[in-house]
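Hi,

Here is the structure I promised to pass on. Have a look at it first, and my notes on what turned up follow below.

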Amino acid sequence: MPSSVETLEFQAETRQLLRLVIHSIYSNKDVFLRELISNASDALDRLRLESLTDSDLAETDTTDLHILLEVDREARTLTVRDNGIGMTRDDLVELIGTIAKSGTAGLLEKLRESKDAATAESLIGQFGVGFYAAFMVADKVTLLTRRAGTDTGTRWESDGEGTYDLQAVDDLPVGTSVTLHLKPADSEDELADYLSEAKIRQIVKRYSDFIRWPIRMAAERTETDGETTGDLDTLNSMKALWARSRNEVTEEEYHEFYQQISHDWLAPAETIHMRAEGTFEYEALLFIPAQAPFGLFSPETKSGVQLYVKRVFIMDDCDVLMPNYLRFVKGVVDAHDLSLNVSREILQHDRQISGVRRRLVKKVLGAVKDMQAKDAERYATVWAQFGRALKEGLIEDPDNTDALLELVSAASTHDPEKTTTLREYVERMKDGQDAIYYLTGETRAMVENSPHMEAFAAKGYEVLILTDPVDEVWVDRVPAFDGHRFQSIAKGQVDLDEAADGDGETDAEKEQREQDFAALLPWLTTALSEQVKQVRLSSRLTTSAACIVGDTHDVTPTLEKMYRAMGQQIPPVKRILELNPAHPLVTALRTAHEANADDPALAETAELIYGSALLAEGGELPDPARFTRLLTDRLTRAL
């Protein structure tokens, strides 16, 4: 005789919570299958463990632990079946019937306070009621289960409306089956056809591909004679390489997995396989590509790290685990102690996740550093592809400034082809040199031919040539490297150690030169007051007549343009015009000014000198037509 059916009511608060789960919490209904498969996988894990530690379960057959998905189109049911540990009647009441029995009231209060679905979903996950996501897609759920080591099973059934039925059942196999009586597909309500084999395969591939146990389903195939068969297919790959030790994985397997997650057919430049144990356990398998993906510097580009929880896919583009400047890194992080429904917002404020992020960043930067020390060619390839992104870290990540500076590689005047590290630059610095000299510009040729370079080249000082847009920003943010400050040769006063070369001016000569130009410089400052804030003599020029420099803390013209391109309006920055007192044009201008300071041609000459200096550094003339007219008139009179 069948046993009697016992009908129990959910608590009032539990009914409220159940309605929230069914109608309000999950933004993506596909996750119901993820939740049920995850529960089944946990049940299989528990049976495997307890069969080893519990003598009463020692004889339990664990040779073919698996998850089986069954579709009945006529009955419109989808069943998730496992042969795991199973549950007793009391387990059902405790784990499912009362839903977070000890914390329901507190959870409801938090849900009421929550302003968005993502936060609500993460709160639900903390209380372990993902099973109830089944009611998003089903009118009724029937659960059959028998715990290993017991003789009697239990049938649980509910329509999610406030009551559930319990009934003892004999002759059940060990394990659990959850049968969903599915609602009709409804595109407006985002209800897919969950009887579709293709849809089920898609969900399993996305969320549960790396579950360690086989997920099987009968696949319909039509034979040549027209007969339809339903052989069992395994839907998941189960190849969670990160869960295996490194010496158990071949390079071919790493390469294949990298291709799968990155869609990049080149082998990665570096593979990082790590495991952390202790209070927060996780595994990570990260890859540094050999080639930058298209759109790496697009604002829409996101992190390439995926988050898993116990081999269950949680989210793509997990920027909480990897900073933006390492967005080119691909891979997965599998955390053992997170909820399946954890949200980005919760992750952002999780202290343990912050610790994971710090360790991952150090691992990636450490891998690039090892490349730099042991494989210069591979490092050069990685830096050429991702150096611009890594330098963004000098702006975004002050905690890793020192590590990033050790990685920086830049062109310099030391070698026309090879780049140099900052460490190598420092080792070559002249005696008494306390600054790392650099000049920014659009191209190497433009920087090398800049008038600012003349004195440095003449005296043999090495200058870094920085041509990435990000260089304009980080050199101002980073105070120093190895105790040596960064000094732009286009800013401030240049005080090269001329005496060391034996050709420096005496104090008397400097004083005489200042007296010679005492009348011209103030006049030029007034004549060019719309363009510059000061005209002074230069110690950085040897062959050019003039150059334009900024004060030490001035915004550079390139950075000024970058700010304006981003919609940030900043006041125009007036710079300083420096004159080469030994240049024939400058001495001739001084003589002409002494002879007739009111000659209108002198002001035009001043404009031409300023415009020429602006063009020499790659700048844009404020009035190209006027400059061209003045130059043409002057050339005409000279012929």
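The axes of α20 and helix α21 (residues 624-638) come within 10 Å of each other and cross at roughly 120°, which makes α20 oblique to α21. Axes here are lines fitted to C-alpha atoms, for helices over the stretch in contact, with angles running from 0 to 180 degrees between N-to-C directions. As for the wording, angles under 35 degrees count as roughly parallel, over 145 as roughly antiparallel, 65 to 115 as roughly perpendicular and the rest as oblique. The crossing of α20 and α21 is left-handed (the near helix is turned anticlockwise from the far one by less than a right angle; clockwise would be right-handed).

On the α20 side, the residues that meet α21 are Ala601, Glu604, Thr605, Glu607, Leu608, Gly611, Ser612 and Leu615. Their partners in α21 are Arg626, Phe627, Leu630, Leu631, Arg634 and Arg637, where contact means heavy atoms within 4.5 Å. By class, this contact has 6 nonpolar, 3 polar and 5 charged residues. In that count, Ala, Val, Leu, Ile, Met, Phe, Trp, Tyr, Cys and Pro are nonpolar, Asp, Glu, Lys and Arg are charged, and the others, Gly among them, are polar.

Before going further: this is a predicted model, so local features need pLDDT of at least 70 and side-chain atom pairs count only at pLDDT 80 or more, while totals for chains, interfaces and linings use all residues. Residues are numbered from 1 along each chain as its sequence is written, and side-chain values use heavy atoms, with hydrogens and water left out.

Back to α20 (residues 600-616), which also packs against α19 (residues 584-595), at an angle of about 160° and with the axes 11 Å apart. The two are therefore roughly antiparallel, and their crossing is left-handed. Leu585, Leu589, Ala592 and His593 of α19 meet Leu602, Thr605 and Ile609 of α20. Those residues divide into 5 nonpolar, 2 polar and no charged.

Helix α19 has another partner, α17 (residues 520-527): their axes come within 10 Å and cross at roughly 95°. That makes α17 roughly perpendicular to α19. Leu520, Trp523 and Leu524 in α17 meet Val586, Leu589, Arg590 and His593 in α19, a contact of 5 nonpolar, 1 polar and 1 charged residues.

Now the chain as a whole. Its secondary structure comes to 21 helices and 23 strands; helices (H or I, at least four residues) and strands (E, at least two) are DSSP runs, numbered from the N terminus. Of the 639 residues, 48% count as buried (under 20% relative accessible area, with exposed being over 50% and partly exposed in between, using a 1.4 Å probe and protein chains only). Among contacts between residues at least 6 apart in sequence, 71% join residues at least 24 apart.

Which residues touch the most other members of the largest nonpolar core? In this core of 142 residues, they are Phe32, Leu33, Leu69, Trp156, Leu326, Leu360 and Trp474. A nonpolar core is a set of buried Ala, Val, Leu, Ile, Met, Phe, Trp, Tyr and Cys residues joined through side-chain atoms within 4.5 Å. Leaving out residues up to four places away in sequence, the neighbours that Trp156 touches include Phe10, Leu92, Phe131, Tyr132 and Asp165. Apart from that core lies another, of 25 residues, among them Leu528, Leu579, Ala606 and Tyr610.

Ala455 is found in helix α14 (residues 454-458) and, at 4% relative accessibility, counts as buried. Ala455 and Arg540 are 85 residues apart in sequence but 4.8 Å apart in space, C-alpha to C-alpha. Ser208, in the loop between α6 (197-207) and β8 (215-222), is buried, with a relative accessible area of 1%. Not counting residues up to four places away in sequence, Ser208 touches Arg34, Ile37, Ile203, Ile215 and Asn236.

Finally, the backbone. Most residues other than glycine have a negative phi. Arg311 has a positive phi, near 75°; it lies in the loop between β12 (304-309) and β13 (312-315) and counts as buried at 14% relative accessibility. Asp317 also has a positive phi, near 50°. Asp317 is found in the loop between β13 and β14 (330-335) and, at 27% relative accessibility, counts as partly exposed.

Cheers
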